[in-house]
Amino acid sequence: MEEGADPGGLIKVVHLLVLAGAWGMQMWVTFASGFLLFRALPRHTFGLVQSKLFPFYFHISMGCAFINLCILAPRHVWVQPTFWEASQLCLLLLSLTLATVNARWLEPRTTAAMWALQAMEKERGLGGEVPGSYQGPDPYRQLREKDPKYSALRRNFFRYHGLSSLSNLGCVLSNGLCLAGLALGLRSL
């Protein structure tokens with residue numbers, strides 16, 4: 001294909017479906033399923049579900065960003081790209097980078113820290129309750145106050161979890177901006 005040439009209809013459809021599919025999946029996993037599952041499942045069951053869901057989710061996000069970059073990169077003029085062309089490529093590269101960091105580095109560390117926390121909690125009979133169902137003092141707070149090892153593991157878990165969440169939000173934002181740019185470029189609706 002010539003640089004800057006108009007891609008065929010199939011390429012446009014694939015690009016839009018992959019980008020919209022990735023963004024829709026990211027919106028669901030980020031803003032709906034996690035909150036619903038957190039409120040409905042026992043704490044350790046929720047962790048188990050997330051440990052199975054997130055590797056798959058991050059790898060799909062990574063694959064979608066890679067496919068979209070492969071579709072867009074060959075068709076753009078590299079000498080003097082427009083602001084939109086350069087922005088779209090940078091946003092997709094950012095999405096690919098963040099999804100890769102999440103899939104290959106942050107998620108395994110977050111999950112390992114979670115398993116270590118759960119092992120300590122199980123030793124003390126914790127983890128089978130649905131979050132927010134405590135009667136009386138919070139047993140997890142008491143455990144943090146009494147056991148410095150547990151407290152350090154919890155900080156480690158939340159450090160990785162926080163970085164993973166920020167990376168995920170970066171992917172959602174990047175893909176959302178790409179979709180907004182595509183929508184603004186529509187000639188008719």
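**Figure 1. Helices α2 and α3 side by side.** In this predicted model, helix α2 (residues 43-72) and α3 have axes that come within 9 Å and cross at roughly 165°. That angle makes α2 roughly antiparallel to α3 (angles under 35 degrees count as roughly parallel, over 145 as roughly antiparallel, 65 to 115 as roughly perpendicular and the rest as oblique). The crossing of α2 and α3 is left-handed, a term for a near helix turned anticlockwise from the far one by less than a right angle, with right-handed for clockwise. In the contact of α2 with α3 you will find 17 nonpolar, twelve polar and five charged residues (Ala, Val, Leu, Ile, Met, Phe, Trp, Tyr, Cys and Pro count as nonpolar, Asp, Glu, Lys and Arg as charged, and the others, Gly among them, as polar). Axes here are lines fitted to C-alpha atoms, for helices over the stretch in contact, and angles run from 0 to 180 degrees between N-to-C directions.

**Figure 2. A kink in helix α2.** Look at Leu53, where α2 has a kink of about 25°, shortly before the proline Pro55 (the bend is the angle between axes fitted to the seven residues ending at a residue and the seven starting there). From first C-alpha to last, the 30 residues of α2 reach 42 Å, close to the 44 Å expected at 1.5 Å a residue (1.5 Å times one less than the number of residues).

**Figure 3. Helix α3 against helix α5.** Here α3 (residues 83-123) packs with α5 (residues 148-184) at an angle of about 155°, and their axes are 7 Å apart. The two are therefore roughly antiparallel to each other, and α3 passes α5 in a left-handed crossing. The residues of this contact comprise 22 nonpolar, 13 polar and four charged. Helices are DSSP runs (H or I, at least four residues), as are strands (E, at least two), numbered from the N terminus.

**Figure 4. Ala113 in helix α3.** Ala113 is found in α3 and counts as buried, at 5% relative accessibility (buried means under 20% relative accessible area, exposed over 50%, partly exposed in between, with a 1.4 Å probe and protein chains only). Between Ala113 and Leu72 lie 41 residues of sequence separation and 38 Å in space, C-alpha to C-alpha.

**Figure 5. Helix α1 and helix α5.** The axes of α1 (residues 9-40) and α5 come within 9 Å and cross at roughly 140°. These helices are therefore oblique to each other, and the crossing of α1 and α5 is left-handed.

**Notes for all views.** Residues are numbered from 1 along each chain as its sequence is written, and side-chain values use heavy atoms, with hydrogens and water left out. As this is a predicted model, local features need pLDDT of at least 70 and side-chain atom pairs count only at pLDDT 80 or more, while totals for chains, interfaces and linings use all residues.
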